[in-house]
2 protein chains.
Amino acid sequence: MSTEDIYLLYNPQSVAVIGASTTPLKGGYRILENLLENGFPPDKIYPVNPKMGTALGLEFYPSIEKIPHPVDTAIIFVPNTAIPEVLEQCIEKGIRGAIIQAAGFEEIGFNGLELKQKILKITNNFTKIRIVGPNCTGLTRVETDKTGFFSAFIRQFGYRRGNIGVISQSGMLNGGYFIYLSTRHGLKFRYIASIGNKMDLTENDFLEFFLRDPTVAIVACYLESFSDPRRFLALCKQANSIGKPVYLLRGGISRLGKKATRSHTGALAENSHLIRALIKQSHVIPATNFNQLFQFTQMRSLIIEAEDILPYNRNIAFITVSGGAGTIATDLIAKYQLNLPELENSTYQKMIDIYPDWMPPNHFSLLDIWPAVEKAKGNSNKVYEQVIDIILQDSKIEGLLISVFNIKEFPFNTRLLIKLHNRYHKPILAWVFGPASDISPVIQDLKDNCIPTFENLEEMVQNFASICTQKNFIQK
Amino acid sequence: MSTEDIYLLYNPQSVAVIGASTTPLKGGYRILENLLENGFPPDKIYPVNPKMGTALGLEFYPSIEKIPHPVDTAIIFVPNTAIPEVLEQCIEKGIRGAIIQAAGFEEIGFNGLELKQKILKITNNFTKIRIVGPNCTGLTRVETDKTGFFSAFIRQFGYRRGNIGVISQSGMLNGGYFIYLSTRHGLKFRYIASIGNKMDLTENDFLEFFLRDPTVAIVACYLESFSDPRRFLALCKQANSIGKPVYLLRGGISRLGKKATRSHTGALAENSHLIRALIKQSHVIPATNFNQLFQFTQMRSLIIEAEDILPYNRNIAFITVSGGAGTIATDLIAKYQLNLPELENSTYQKMIDIYPDWMPPNHFSLLDIWPAVEKAKGNSNKVYEQVIDIILQDSKIEGLLISVFNIKEFPFNTRLLIKLHNRYHKPILAWVFGPASDISPVIQDLKDNCIPTFENLEEMVQNFASICTQKNFIQK
C-alpha cells in the first residue's frame, strides 16, 4: 500500500544519506545539516561516501552494506548515472524507501529514459523499493515548531507546524520558497512532498495519504502533469466530501509553458480540454501563481482552524475608515460576484445611533465608519467594536472584510476583532496598512488568531470569494 | 491661471491653520505637527482659534484678521457649516488659496448643496480665492527626504523625494496610505494632491501642473469622476507626447460602487461607455486596485530614473534557478502576451559553453541556470553574471525578468545585476524570495538602484507588460 510506504518515508527511524559530503556548502553536507538541525537523532543518520570522512560529528560509511544497522529510508544525492547501482545496494540492504534528488532522467531525453528503464527493472517496477523523485528536493514533515523530518539539500528553519499538506513538482516549494512562505508570510505546514518526475510515487499517492491523515486539513498542489487524471478526480471528489479543500496551480498550460515542463520534469503534453473539464468537475480551486496558491491555502487553513462557518450566499460586509477604499472595495466585490446586502431593519436601527445626523449609514453593508468616529470624538476602537458586533449579528451577513489602519498614535485594537470573531465564527479577512513597523505586529497577531490578513485590497476580496461555494470567482 | 495658483498652494511662504487645536490627538493639532516636523518655518505658521492657546510652541490667533502678517494659504479644519464664514474672512485677509478638509458637502445631499452655493457666491466662482477640496486631506510637496509642505491632519514621515505626482479623490492617499507606500514599499513621491469633492481645482488643473513641472516624471490618479472628460483626454494625450505616463485607478465603476461614490465624494453617475472609450483613447494605463496602481507607478518611475530603453516588441528573457518557476513564468508570459524569443545564434553558442553537456540551454529565452550552476560547482553568481551579460547583448531581448533567491549561505550579488543593468539600459525586473530577513536588504538595494522588485511572479510579468506599447496587457 502506497499510504503505508509514504508513512514510513515521512517517519523513518533511521536514514542513510548516500552521497554525503564533508564540504559545508555541498548538497551532501547540507542534507546532513538539515536532518540534524531539525531534530533527527544523530545516531540514526548514516552518511555514505566511499571517500569516508566526518561531518557535523557524523562518521561516514564507505558503502551502504557497511552500515551495521537497519535503515528505513535512503536519501540519495549522487549523479543520475550512479542511481541504478545505488538502488541495487539499497534493495540489498533491505531499505524500503528512497528519495532521489538527482536530475537527468525523462527530462533529458534518450539517455534519461534508458536510466529509467534500468531502474524499473532493478526495482521490479518499484515493488522492491518505493521511490520519491527523481529530480526533487524530497520530503518534509513538520512535527513541532522546531523539529521534524527534513530531507532537502537546503537548511530549513523558521517554520511552524500547521495543517497544510503540499504536493509539488517544483523542488523550490520544499526549499527556498518553503522558508520564504514560513518566515515572510507565516504559513504553517504539516507535510511537503516534492515529487519531481514522480517515477514511482505520484501526486495521487500523496493526496490519498493526506486525505487519510487527520493532521492535514488542506492540500496545495503544484503540478506539471497528471499521472492518472481519473484517480486524481476521484480523490478530489473524496476530499470535497470530507471537507478537505484542494488548491491547484497547474504549470505548462501555454504552448511555451509545455515546452518548459518538458525540460523540467519531463512532463508530456496532455489533452488540455480534458484536463480543464476534469479540474472543473473535481472541486479543486485553481490558482494562477505561487503567491495566490499559498495565499488561498493559508487563508483557508486559518478559517478551518477557527472553525468558521463557510459562506453560502456570498453576502459580506465591508468596514472601512476610507471612503476611497470603500468605493474600490465595492467595485471589487462586484467583480468577484460577492454581495453587500441590504441591512436588516434591526441592524440599520442600531447603526443609526452610532452615526452622526449629518451622515447616516448606508442601507447596505458598506460601512464607512469615519463619520461615526468623528461623532465618537476620535475613539475609533469603540466604533469598530460597536459596528462589528452589530453587523456580525445580522443574519444575512456571512463574513466580514475590514480595512485596518494601524499607527502608533491610533493603535488598532486587534483584541476586539479577535474577540468578536471568536463570538460569531463568521470569517473575517483584514486589509492592513500603515507604517511598515506598526503593521507587522498587527499582521502577526491577527494571523496567529485565525484572521487572514492582506496588504492588497483586491486579494482580500478575491480570497473571500475563493471560500464561497464555487462560482466563477477567479480572475479570467 | 490655475497652474500658478497651484504653485502657490504647494509652495506657500506662510500658512494659517484655521481650527487649530491644543489637544494632541485632534486634527487641528496634528496639522501643526505635520507642518512643523517636516520643516515648515515655525514663524510662518499662524494657528487660528477663537479659544486661543499655544501648541508646539506656536501661539494661536483669535481670528484670521488678527494675524499681523501676510498669509499665502489657509488650511481650514472646521466643520462644514462654518466654512462659508471662514472663507469670507480669508478673502478679506487677501489669502489666495485654501485647503478645506471638512466633509459634508455634495455627498450629504441638499444641505451640502446649499453650502456649495454659498461658497460659489462668496468666492465669486473661485475668482477671489482658489480652493482644494472640500472633503480632502490637502496637499503634500516632498522637497527633500525629510522636508516639504505637508498639510494633512496626520503626521507624515518615512518618505523620500522622488518623481511621482499623485491626484486622488481619496484622502487616504495623502494620509495613512502615503506612509504605508513610503515605508513598506519605498515609493518616492514629489507631490500629492488630495482633491476630495474638487469643488474648484480639479484633477485636470493638477494634471496640467504636473505636466509643466519638470520634477514630475509620472502621474498616478485615483478618480471617482471626471470633471471635464474632454480636457482630461487632451491632457493625457499631451502627457503621452512628452513621455510622462499617466496611471489611473477609477472608482465607482460597478452599480454599487457608484452608490458608494455618491456618499463619498458626491460624484454623479457618468456615462460609463463614454468614459471607457475616453480612457482607451487617452493612453492612460488602468489599474484595478491601489496596490497595482502604485506598483505600476513605482516600477515605471524607476525605469524612467534609470533611463532604460522601453520595450517595443514585447521580447523578454526569464532567468531562474527553479524549473517550476520557469514553467509558471512561461505560462504567465503567454497570458500577458509577452514573448520569449528564439536566441540569436551567437547567444546560443555562448550559452552552450556555460551549460553542462547533459542539459544544454533552451533555444528560446527561458534560462533555467540550475544545470549551469552545478557545472560551475555551485558558483551561482558567476553563472548569473555570464548568462545576464550574454542575454542582454542579444539584440532581440528588450528586457529581463529574473528570479532572485537570496539566503545568507548563498548571497545573491546585487552589485553584478546593477552593473549589468547600467551597462545595457534594458529594464530588469526581479522576483525576490528567501528568508524574510535575508531578502529585505536585497529588495532595498535593487530598488535604490532602479531595479523594481516583486514578491509575486505574476505581478512581475504583468508589470513588464504594462511598460510595453499598449496592447491588451491588463488582466480582464
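**Helix packing, symmetry and backbone features of the A/B pair**

In the predicted model, helix α11(A) crosses α17(A) in a right-handed sense. The axes of α11 (residues 323-335) and α17 (residues 457-466) of chain A come within 9 Å, at a crossing angle of roughly 35 degrees. On the α11(A) side the contact is formed by A325(A), I328(A), A329(A), L332(A), I333(A) and K335(A), and on the α17(A) side by L457(A), E458(A) and V461(A).

Superposition of chain A on chain B gives an RMSD of 0.0 Å, by a turn of 180 degrees with a shift of 0.0 Å along the axis. The two copies are therefore related as by a two-fold rotation axis. Of the interface residues of chain A, 100% are also interface residues in chain B, so the copies meet through the same surface.

The largest nonpolar core comprises 191 residues, among which F290(A) and F290(B) touch the most other members. Leaving aside residues up to four places away in sequence, F290(A) touches M172(A), L173(A), Y177(A), Y222(A) and L249(A), together with G324(B), A325(B), I328(B), W431(B) and L457(B).

A cis peptide bond links G133(A) to P134(A), with omega about -5 degrees; P134(A) lies in the loop between β7 and β8 of chain A. In chain B the bond from G133(B) to P134(B) is likewise cis, with omega near -5 degrees.

Positive phi values occur in the non-glycine residues M52(A), near 60 degrees, and E307(B), near 55 degrees. M52(A), in the loop between β2 and β3 of chain A, is partly exposed at 38% relative accessible area. E307(B), in the loop between α10 and β15 of chain B, is exposed, with 64% relative accessibility.

Note on methods: Residues are numbered from 1 along each chain as its sequence is written. Chains are lettered from A and ligands numbered from 1 in the order in which they are written. This is a predicted model: local features need pLDDT of at least 70, side-chain atom pairs count only at pLDDT 80 or more; totals for chains, interfaces and linings use all residues. Side-chain values use heavy atoms; hydrogens and water are left out. A nonpolar core is a set of buried Ala, Val, Leu, Ile, Met, Phe, Trp, Tyr and Cys residues joined through side-chain atoms within 4.5 Å. Buried means under 20% relative accessible area, exposed over 50%, partly exposed in between (1.4 Å probe, protein chains only). Contact means heavy atoms within 4.5 Å. Axes are lines fitted to C-alpha atoms, for helices over the stretch in contact, and angles run from 0 to 180 degrees between N-to-C directions. Helices (H or I, at least four residues) and strands (E, at least two) are DSSP runs, numbered from the N terminus. A crossing is left-handed if the near helix is turned anticlockwise from the far one by less than a right angle, and right-handed if clockwise. Copies are superposed by least squares on the C-alpha atoms of residues with pLDDT of at least 70 in both.
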